[in-house]
Amino acid sequence: MGKIKTHKASAKRFSLTATGKVKMNHSGHRHKLGKKDMKRKRHLRTGTVMNEALAQNVRRMISK
């Protein structure tokens, strides 16, 4: 059985913390920013931690 390859698109979008949680950025902060208010854009700038149900799949894809 061969090695598990890293899913490169996922590896570029997600990273792991020291405790194994998955860090990610919010979506919706690339274009059409003129119609979004400053508070919404400010909160979209910050990163967040993915919930555990989805994080298991991402950990398997980035294989760390």
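Predicted model: local features only at pLDDT ≥ 70, side-chain atom pairs only at ≥ 80, totals over all residues.
Leaving aside neighbours within four places in sequence, I found Ile62 in contact with Thr6, Ser10, Ala11 and Leu16.

I then looked up the core. Ile62 belongs to the largest nonpolar core, together with Phe14, Val22, Met50, Ala55 and Val58, six residues in total. I noted that helix 3, residues 52–62, gives the most to this core, with three residues. In soluble globular proteins, nonpolar side chains tend to be buried together.

I recorded three strands in an open sheet, ordered 1-2-3, with antiparallel pairing. Strand 1 (15–16) and strand 3 (47–49) are at the edges and have a single partner strand each, so one side of each is left without a neighbour in the sheet. I counted two bridges in the antiparallel pairing of strand 1 with strand 2. Leu16, already listed as a contact of Ile62, has Val22 of strand 2 as its bridge partner. Val22 is also one of the core residues.

Last, I checked the largest pocket. I have its space down as about 340 Å³. I listed its lining as Lys12, Arg13, Phe14, Met24, Asn25, His26, Ser27, Gly28, His29, Arg30, Leu44 and Arg45. Helix 1 (8–13), strand 2 (22–25) and helix 2 (38–45) are the elements that give two or more residues to this lining. By class, I have three nonpolar, five polar and four charged residues in the lining.

Key:
Residues numbered from 1 in each chain as written. Heavy atoms only, no water. 1 Å grid on protein atoms, 1.4 Å probe; cavity = no way out; pocket = protein on both sides within 12 Å on 5 of 7 lines; lining within 4 Å. Points joined across faces, edges and corners; volume = space filled by probe spheres on them. Helix = DSSP H or I, 4+ residues; strand = E, 2+ residues; numbered from the N terminus. Nonpolar A, V, L, I, M, F, W, Y, C, P; charged D, E, K, R; others polar. Core = buried A, V, L, I, M, F, W, Y, C linked by side-chain atoms within 4.5 Å. Buried < 20%, exposed > 50% of the residue type's maximum accessible area, 1.4 Å probe, protein only. Contact = heavy atoms within 4.5 Å. Pairing = 2+ DSSP bridges.
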